[in-house]
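Here is a brief report on one protein chain.

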Amino acid sequence: MSTKTAVQSTSSARIKSLAITAVCLVLVYVFTAVVNIRLPFAPNGGLIHLGNVPLFVAAILFGKRTGMIAGGVGMALFDLFSGWTLWAPFTLVIVGCMGLVVGAVTEKHKTFPFYLLALVLACAIKIGGYYLAEAIIYGNWVVPLTSIPGNLIQVGAAAIITLIVIEPLRLAAAHTILRK
C-alpha cells in the first residue's frame with residue numbers, strides 16, 4: 001500500500017467516524033428533546049427522557065469516544081436550548097463520562113453481562129454526578145435526594161430498551177460492515 005493510499009484510507013476512516021459521531025449526537029439531542037416527561041416531585045421539575053438510549057447504543061456500537069461526545073454534547077445542547085442552561089456544563093461532564101464508561105466496558109466484550117455492567121456503572125455515574133451537581137447548585141445535601149428516583153427511572157428505562165435492541169443492531173452493523 002502506498003503512502004498516498006494509506007493517507008486516503010486514514011482520512012476516509014476519520015470522516016466516517018466524524019459522521020457517525022455527529023449522527024449519534026443528533027439522535028441523543030432529539031431523543032432527549034422530543035421524548036421527555038417533567039417530574040412533579042423534584043425541586044427543579046426534573047426530567048425523564050429517552051436520550052440515554054441512543055447514547056448507550058452509540059457507546060456500545062461505536063466506542064467510548066463516540067459515546068462520550070454524542071452523549072455529553074448532545075444532552076448539553078438540549079440543556080442550552082431548552083431553558084436548563086445552568087445544567088449544561090454538569091451534563092457535558094456527567095453524561096460524557098457515562099458514554100465513555102459504557103464504551104470502555106463494552107469495547108472488547110460484546111456480551112450481555114458486560115452490557116449490563118456498563119449500564120449499571122452509567123446509572124451510578126448519573127446518580128452520583130447529578131447528586132453532586134444539585135448539591136453545588138442548591139447548596140444543600142438533602143434536596144438532591146429527590147432526584148434519585150427520576151434518575152433511576154430514566155436510566156432503568158433506557159437500559160431495558162438498550163438491552164432489547166442492542167444485539168440486533170450490533171449484528172446488523174457487523175453484517176453491513178462485512179458486506180463492504
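## Basis and terms

Helices (H or I, at least four residues) and strands (E, at least two) are DSSP runs, numbered from the N terminus. This is a predicted model: local features need pLDDT of at least 70, side-chain atom pairs count only at pLDDT 80 or more, and totals for chains, interfaces and linings use all residues. Residues are numbered from 1 along each chain as its sequence is written, and side-chain values use heavy atoms, with hydrogens and water left out.

## Helix α5

α5 has 27 residues. From first C-alpha to last, α5 reaches 38 Å, close to the 39 Å expected at 1.5 Å a residue. That expected span is 1.5 Å times one less than the number of residues. G139 follows α5, and its phi is positive, near 65°.

Buried means under 20% relative accessible area, exposed over 50%, and partly exposed in between (1.4 Å probe, protein chains only). The buried residues of α5 include Y115, A118, L119, A122 and K126. An α-helix has 3.6 residues a turn, so residues three or four places apart point the same way.

## The nonpolar core

A nonpolar core is a set of buried Ala, Val, Leu, Ile, Met, Phe, Trp, Tyr and Cys residues joined through side-chain atoms within 4.5 Å. The largest one holds 33 residues; L55, F56, V95, M98 and V102 touch the most other members. Two or more residues come from each of α1 (3-34), α2 (52-62), α3 (64-81), α4 (88-106), α5 (112-138) and α6 (148-179). α5 gives the largest share, eight residues.

What does M98 touch, leaving aside its neighbours within four places in sequence? It is in contact (heavy atoms within 4.5 Å) with N52, L55, F56, A122, I125 and K126.

## Cysteines

A disulfide is counted when two cysteine sulfur atoms lie within 2.5 Å. The count is zero. The sulfur of C24 is 18 Å from the closest cysteine sulfur, in C97, so it is too far for a bond. C97 is in no disulfide either; its nearest cysteine sulfur, that of C123, is 15 Å away.

C24 is buried, at 8% relative accessible area. C97 is partly exposed, at 34%.

## Aromatic rings

Rings of Phe, Tyr and Trp (its six-membered ring) pair if their centres lie within 6.5 Å; planes under 30 degrees apart are stacked, over 60 edge-to-face, the rest tilted. There are five aromatic pairs. Y131 and W141 have ring centres 6.0 Å apart and planes at 35°, so this pair is tilted. Y131 lies in helix α5, and W141 in the loop between α5 and α6, 10 residues apart.

Y131 is partly exposed, at 22% relative accessible area. W141 is exposed, at 54%. W87, F90, Y130 and Y138 form one aromatic cluster.
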